[in-house]
Amino acid sequence: MNIDWLTLYLALIPVVLLLASTTLSQRTDRSLSEVERNMGKGGVFLHPLAHLLPATKIPTWQRHLQRAIILWLWLCLTLAIAQPVQRGTKLPDLPPERDILLLVDVSISMTLTDYALDGQKRSRMDVLKTLLQDFANRLQGERLGMIVFAENPYLLVPLTRDPTLVQRQLQRLTPTLAGRVSAVGDAITLALKEAGKQPQRKPIFVLFTDADESIGRVDPEAAASLAAESKIPLYTIAIGSTAATMEGDTGGLAYQPVNLALLQTLSKRTGATTYQAGDAQAVEQALADITRQHQNVAEQIPRYEQQPLYHWLLLAGLLPLMLWQLWQRRANT
């Protein structure tokens, strides 16, 4: 039988507790001995409830048996906490996958309502969320991650095979989550830093932004050049209108159209493409290009079926104790 221990390190906790308990017990015994010696000089004082203690002395064999049962229970609990599992048949290896890192703009300009759906004005952020939900839904089987940025970039979701996690985090996106203005170069730099954690894998960057200009510490074109040197494609999806003016209320914000030329320059430098969000066609085209990218070999750590065994250890430890308690109760009646 092949047995694996999932949390073997946790078995140290009972050992540490046993050592601490033994040390404390020895100190208590020494203190009681000193008290008894002192009391021997001036008389014996008993606790008011001392008469409730059993007058008959417990036989030696019962004390040894009780101690053995407690020790056996402690041993079983120690082994159970280490979570033993029986290893079954080997599971199939994971299929090849792509690492896709989404760079999402959450600057203040995402509140502008220059989209219309069913006759209703829609903000850029609403359109972006819809676009990202659709994008993430269609990328089943890939590893997804998400960086949000405005004045500062933050890693919101590390690369994961759980698309549900990405979709849940998408619901949390709000404008100004990371500041007011867009720092595209800083976001690309953070994405490159994340990609550097696993240099053997080549991710794909997808930038969603409405930036008209980049305000940050790193020039976007310089960051794109670094991505090109690392052979990482940077797809860009422009959010918002490219019109010079905007009709209607801007909510007090200065309207600026998305800088499509800048996004095209960034994508072209890495051998990728720029799309303009407005309908599902942009997502379709982006997905078609991404699916042509090279797939990374998935981490092939051997995986096996696992059958938990800890409940048998709990039963083996508690059953003798229960029988002992029942026998004692019956003997005392």
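**Entry 1. Overall layout**

I take helices (H or I, at least four residues) and strands (E, at least two) to be DSSP runs, numbered from the N terminus. I note at the outset that I am working with a predicted model. On this basis I count nine helices and 11 strands in the chain. The chain has 333 residues, and I find that buried residues make up 35% of them. I also looked up the contacts between residues at least 6 apart in sequence: 82% of these join residues at least 24 apart.

**Entry 2. Two loops with positive phi**

I began with K231, which I located in the loop between α6 and β9. Its phi is near 60 degrees, a positive value in a residue other than glycine. Most residues other than glycine have a negative phi. Is K231 buried or exposed? I record K231 as exposed, because its relative accessible area is 68%, and the cut-off for exposed is over 50%.

I then turned to Q83, in the loop between α2 and β2. Phi of Q83 is also positive, near 55 degrees, and this residue too is not a glycine. I record Q83 as partly exposed, since its relative accessible area is 33%.

**Entry 3. Helix α2 and T78**

I looked next at T78, which belongs to helix α2, residues 60–81. With a relative accessible area of 7%, T78 is buried; the cut-off is under 20%. Which backbone atom lies 2.7 Å from a polar atom of the T78 side chain? I find that it is the backbone oxygen of W74. Setting aside neighbours within four places in sequence, I list A11 and P14 as the contacts of T78.

**Entry 4. Helix α9**

I checked the length of helix α9, which runs over residues 310–332. Its 23 residues should span 33 Å at 1.5 Å a residue, and I find its end C-alpha atoms 34 Å apart, so the two values agree. Buried in α9 are L313, G317, L321 and W324. An α-helix has 3.6 residues a turn, so residues three or four places apart point the same way. Among the elements that cover the buried residues of α9 I find α2 and β2, the latter at 84–90. Helix α2 is the element that holds T78.

**Entry 5. Helix α7**

In helix α7, residues 260–269, I find L262, L263, L266 and S267 buried. On which side of α7 do they lie? They are on the same side, because they cover an arc of only 130 degrees around the axis. I noted what covers these buried residues: the elements include α5 (184–195), β8 (203–209), α6 (220–229), β9 (234–238) and β10 (274–276). After α7 comes G271, and I find its phi positive, near 80 degrees.

**Entry 6. Helix α4**

I examined the start of α4 and found D162 capping its N-terminal end. A side-chain oxygen of D162 lies 3.1 Å from the backbone nitrogen of T164. The buried residues of α4 are P163, V166, Q167, Q169 and L170. I place them on the same side of α4, because their arc around the axis is only 165 degrees. They pack against α3 (124–137), β6 (143–149) and β7 (153–160).

**Entry 7. A183, between α4 and α5**

I followed the chain to A183, in the loop between α4 and α5. A183 counts as buried, because its relative accessibility is 0%.

**Entry 8. The cavity**

How many cavities of 30 Å³ or more does the search find? It finds one. The largest cavity holds about 50 Å³ of space. Its lining, as I list it, consists of D99, L101, L159, E194, A195, Q198, R201 and P203. I note that β3 (99–105) and α5 each supply at least two residues of this lining. Helix α5 is also among the elements that cover the buried residues of α7.

Terms used
Residues numbered from 1 in each chain as written. Predicted model: local features only at pLDDT ≥ 70, side-chain atom pairs only at ≥ 80, totals over all residues. Heavy atoms only, no water. Buried < 20%, exposed > 50% of the residue type's maximum accessible area, 1.4 Å probe, protein only. Polar contact = N/O pair within 3.5 Å; in protein donor to acceptor, adjacent residues only side chain to side chain. Contact = heavy atoms within 4.5 Å. Expected span 1.5 Å × (residues − 1). Arc of directions from axis to C-beta. 1 Å grid on protein atoms, 1.4 Å probe; cavity = no way out; pocket = protein on both sides within 12 Å on 5 of 7 lines; lining within 4 Å. Points joined across faces, edges and corners; volume = space filled by probe spheres on them.
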